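Please look over the sequence and the model, then read the notes grouped below.

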Amino acid sequence: MKQELVLYNSLNRKKETFKPIEEGYIGMYVCGPTVYSDVHLGNVRTFVSFDIIYRYLKYLGYTVRYVRNITDVGHLLDDGTDRISKGARAEKLEPMEVVQKYTLGFHDMMRIFNSEPPSIEPRASGHILEQIEMVQQILDNGLAYEKNGSVYFDVEKFAKEQDVYGKLSGRVIEDLFSETRELKNQGEKKHPADFAIWMKAAPDHLMRWNSPWSEGFPGWHLECSVMSTKYLGTTFDIHGGGNDLKFPHHENEVAQNFGACKCQPANFWLHTNMLLMNGRKMSKSDGNTISPEELFTGESPHVSQGYSPMVVRFFMLQTHYRSTMDLSDEALKASEKGYKRLMEARKTLQGFQAVQSASAGTVDEEISKLLDQALEHMSDDFNTPMALARMFEVVPKINGIRDGHIKAEELSAETLDRTKKVFDDFIFDIFGLQEEMASGKDGTTDGLMQLVIELRNHARSQKDWGTADKIRDTLKELEIQLKDAKGGDTTWVKA
Ligand code: AMP
Ligand code: ZN
């Protein structure tokens, strides 16, 4: 089944019918994290969005090769220092220790949010040879030049030769040239808009490799050009990332691919929008930020209680990936209610038995239509909030049948089966939600967990911190997280 899929393509700034290069297969590349610090909620928003996209493409029957890289070299700060090296110096670790630490942390967080791992997760530092090769190709094609051991992409020449530069980010080339702020090594560039594809390492630079030009390291944009095309081909189906990456990262990626093989790397470019908090950009510098852990435990002035990862995931589904997402305590509270209502309706629905004498009534027709519409919304540029809204219109019908306001006979066996299946497909396979309570038969697990929580509370009231910590640590090993609400209640979630 290949339902028509319409995607908003950033490249052309309009919705287009999606057609894969090879029938039945999709190659998708998404820019992964720079692993020099803990993953923040903004990153999570972007990766959860692409997780839902990945899941829905698979649901449509495509075989998807999903490549999401790990940036572990070359991503510089505005002052020219390498992010990983800075982390290494600050923490007195080897750069690769920093990379390992935050890659593991990133993977943990993705698991907590029930995001599927990509098919390939290549690292920039594992593809230095290929990056050197691409620099050489661009040099051979006359679109880069070497200066004092560094190699720069010649943006001005590229812009003159081909009408490509600026198209993805929607910049007018003249404006771009006039506004380009210069970074390090500006003196070596022919034009301020030029960017480094190979950089000669300063004597104190930690991460360095031999190359034909100097001992140095690749420019940040280069890794994505190299790793996407290595695993997906010179032109592939979808390239994604947050919209803060459109310029310069993605624009320069396109330039490099043209520079190396004269081709547009991806047919479709998808960009997620940013995460805000209380209407303002989430930012560490002015305190308007909350970490995932603070969100789960409620230990933050920005929230009145802790919220489980699945409630946060549900919250994310309620905003379209191209809109800004505004996190607030109120909105999360509403999401918690919504998430529970949906999961309870699902449970009720699964308990329904088909009625033999059923003859399809209006409810039957209405539910079928809502399910069709929910799927159509997903095929319309992955509109999760609209799909969710249609599912919530089915919920009162389910509850009506449960409470006897709607006759069960009105639902044919066929529609009942389909509703059960579509609900499960949506909730678990497409939205990637999970049951929060891994409750055993007859609520045994719930009961036992209440007992464990009471024992821990007792230990704490006796100031027996050893026992209290042991309980928390053992539960952590079992991937069960305790959440202490401000009112004193403790709840638990299975990560
Ligand atoms: P980085 O680790 O900074 O390279 O970012 C990894 C991914 O997270 C990129 O696709 C970014 O565009 C995305 N990202 C960064 N900040 C935010 C934010 N506040 N909201 C949504 N996505 C973000
Ligand atoms: Zn990238």
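A salt bridge is a side-chain nitrogen of Lys or Arg within 4 Å of a carboxyl oxygen of Asp or Glu. The model is predicted, and a search of the whole structure finds 22 salt bridges.

**Salt bridges**

- Side chains of opposite charge can pair when their charged atoms come close.
- K101 and E91 meet through their side chains in a salt bridge, with 2.6 Å from N to O. This pair links distant parts of the chain, since K101 belongs to helix α3 (residues 95–112) and E91 to helix α2 (residues 83–91), 10 residues apart.
- K101 has 43% relative accessibility and counts as partly exposed. E91 is also partly exposed, at a relative accessible area of 27%.
- D154 and K190 form a salt bridge in which the closest N and O atoms are 3.5 Å apart. D154 sits in the loop between β6 (150–153) and α5 (155–161), and K190 in the loop between α6 (173–179) and β7 (195–200), so the pair ties together parts that are 36 residues apart in sequence.
- D154 is buried, at 7% relative accessibility, whereas K190 is exposed, with a relative accessible area of 59%.
- R418 and D372 are joined by a salt bridge between their side chains (2.7 Å, N to O). Helix α14 (residues 413–430) holds R418 and helix α12 (residues 362–379) holds D372; the pair links distant parts of the chain, 46 residues apart.
- R418 is partly exposed at 31% relative accessibility, and D372 is partly exposed with a relative accessible area of 34%.
- A network of salt bridges links D51, R55, K58, E116 and R313.

**Surroundings of ligand 1**

- Ligand 1 is surrounded by 17 residues, and the closest are T34, G42, N43, T46 and D244.
- By class, this shell has 6 nonpolar, 10 polar and 1 charged residues.
- An oxygen atom of ligand 1 lies 2.9 Å from a backbone N or O atom of T34.
- A polar side-chain atom of N43 is 3.0 Å from an oxygen atom of ligand 1.
- For T46, a polar side-chain atom lies 2.7 Å from a nitrogen atom of ligand 1.
- Ligand 1 taken alone exposes 490 Å², and the protein buries 88% of that.
- Two elements give two or more residues to the shell, namely α1 (41–59) and β9 (236–242). The largest share, 4 residues, comes from α1.

**A buried helix**

- Helix α10 (residues 309–317) has 9 of its 9 residues buried, so it is largely enclosed by the rest of the structure.
- The buried residues of α10 are P309, M310, V311, V312, R313, F314, F315, M316 and L317. R313 is also a member of the salt-bridge network with D51, R55, K58 and E116.

**Surface patch**

- L448, L451 and L455 form a nonpolar patch on the surface, and together they have about 290 Å² of accessible area.
- L455 is part of helix α15 (residues 444–461).
- An α-helix has 3.6 residues a turn, so residues three or four places apart point the same way.

**Q136 and W213**

- Q136 is placed in helix α4 (residues 128–140). At 30% relative accessibility, Q136 counts as partly exposed.
- Q136 and W213 are 77 residues apart along the chain, and their C-alpha atoms are separated by 9.9 Å.

**Backbone details**

- Most residues other than glycine have a negative phi, and most peptide bonds are trans.
- F247 and P248 are joined by a cis peptide bond, with omega at about 5°. P248 is in helix α8 (residues 246–261).
- N148 is not a glycine, yet has a positive phi of about 50°. N148 lies in the loop between β5 (144–147) and β6, and counts as exposed at 52% relative accessibility.
- K262, although not a glycine, has a positive phi of about 60°. K262 is in the loop between α8 and β10 (266–272), and with 60% relative accessibility K262 counts as exposed.

Conventions:
Residues are numbered from 1 along each chain as its sequence is written. Chains are lettered from A and ligands numbered from 1 in the order in which they are written. This is a predicted model: local features need pLDDT of at least 70, side-chain atom pairs count only at pLDDT 80 or more; totals for chains, interfaces and linings use all residues. Side-chain values use heavy atoms; hydrogens and water are left out. Patches are made of residues with over 30% relative accessible area and no salt bridge: like charges are joined within 9 Å, nonpolar side chains (Val, Leu, Ile, Met, Phe, Trp, Tyr) within 5 Å. Accessible areas come from the Shrake-Rupley method with a 1.4 Å probe; for residues, only the protein chains shown count as cover. A residue is near a molecule or strand if one of its heavy atoms lies within 4 Å of it. A polar contact is a pair of N or O atoms within 3.5 Å; within protein, one must be able to donate a hydrogen and the other to accept it, and residues adjacent in sequence count only if both atoms are side-chain atoms. Ala, Val, Leu, Ile, Met, Phe, Trp, Tyr, Cys and Pro count as nonpolar, Asp, Glu, Lys and Arg as charged, and the others, Gly among them, as polar. Buried means under 20% relative accessible area, exposed over 50%, partly exposed in between (1.4 Å probe, protein chains only).
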